[in-house]
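Good morning, and thank you for coming. I shall present one structure today, beginning with a helix and then turning to several individual residues.

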Amino acid sequence: MNVIYSEHYNFNLGLLKYLHPFDGIKFKTIHTALNSNSRVNFIEPPEPVSMETIDSFLSSMMRKKIRDAVFVFRALEVPRIPLISFSFLDKKILLPMRWGVAGTMLGAKQALEKGGVYWNVSGGYHHAMQQNMEGFCIYNDIGISHQQLLQDKLLSPEDKILIIDTDAHHGNGNAYTFMENKQVTLLDIYNAGIYPTSGYTRDRVDISVPLRPGTDGPTYLQRYAQALEQLEDDYRLAFVVAGTDTLLSDKLGGLCLSIDDVAEREKITLRALTRRAIPTVVLGGG
């Protein structure tokens, strides 16, 4: 397994760690757990994605908002702290996210060039879009990566792309980003009773699996396996947002999966994509 990791992924949230349940050092924890496994091949992005690349993806208004502490605090879902400057937020939170975007771009390029599966332990910022940032997601790494792959001629506009989202929350940012692009197929399995509840973006999903709050593991896995059977075989590249906020222990996801259920979910995902020989980059998500 090819795993993409950088020590720069980890967030030093400071006081903010008391205001949001996000685990800023989970990436290091994953690396430590896998580091002794000889079957894991770690690769690292050489540098964070540039602001020039990000700006080329964003609307003109968003280029200003992502440089404004007021809007960044709002997207991070924490109260504004006057003593914390934008430069602090940029260094401690936004820069690690830009490293995460770079990891997604690296995984996508490697998957296209070499085939197989590349797992970026960061990324999966599926609530961000060209015109907005929310839900602790500042940069839409899938959208930015897709745009860059087109510019680098590694993809053509006619290539079919698949996005599978198994995070507990609906991927409204990805749905909005690819709202008019019918070459992109969206499969989204999510808790229908929690944020985000935008009907406009939910309607964009091609293979939609809305679940009731409190859905258990067996039900989730059965519904998900049925959804995967609807996939076609000719996707040029797949992105998978593999959030573990579906776990019963998660404070926000509202679903009741066990660790074994999540592990089985990933096996089901990889079997479905490997059987179809689709190059794949898997992302951390929530």
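**Helix 4 and its surroundings**

In helix 4, which spans residues 69-76, the buried residues are Ala 69, Val 72, Phe 73, Ala 75 and Leu 76. Seen down the axis of helix 4, these buried residues fall within an arc of 165°, so they line one face of the helix. The arc is taken from the directions that run from the helix axis to the C-beta atoms. Buried means under 20% relative accessible area, exposed means over 50%, and partly exposed lies in between, with a 1.4 Å probe and protein chains only. Helices (H or I, at least four residues) and strands (E, at least two) are DSSP runs, numbered from the N terminus.

Before I continue, please note that this is a predicted model, in which local features need pLDDT of at least 70, side-chain atom pairs count only at pLDDT 80 or more, and totals for chains, interfaces and linings use all residues. Residues are numbered from 1 along each chain as its sequence is written, and side-chain values use heavy atoms, with hydrogens and water left out.

What covers the buried residues of helix 4? The cover includes helix 3 (60-65) and helix 5 (86-114), where contact means heavy atoms within 4.5 Å.

Let us look at the two ends of helix 4. Asp 68 caps the N-terminal end, with a side-chain oxygen 2.9 Å from the backbone nitrogen of Val 70. After helix 4 comes Glu 77, which has a positive phi near 60°.

**Backbone features in loops**

Phe 136 is not a glycine, yet its phi is positive, at about 60°. This residue sits in the loop between strand 3 (117-120) and helix 6 (141-151). Is Phe 136 buried or exposed? Phe 136 counts as buried because its relative accessibility is 9%.

Ala 277, also not a glycine, has a positive phi of about 55°. The loop that holds Ala 277 runs between helix 10 (259-275) and strand 8 (280-283). With a relative accessibility of 63%, Ala 277 counts as exposed.

Next, a cis peptide bond joins Tyr 195 and Pro 196, with omega at about -10°. Pro 196 belongs to the loop between strand 5 (184-191) and helix 8 (199-202).

**Cysteines**

A disulfide is a covalent bond between the sulfur atoms of two cysteines. Here it is taken as a pair of cysteine sulfur atoms within 2.5 Å, and by this rule the count is zero. Cys 137 counts as buried at 6% relative accessibility, whereas Cys 256, at 29%, counts as partly exposed.

Conventions
A polar contact is a pair of N or O atoms within 3.5 Å; within protein, one must be able to donate a hydrogen and the other to accept it, and residues adjacent in sequence count only if both atoms are side-chain atoms.
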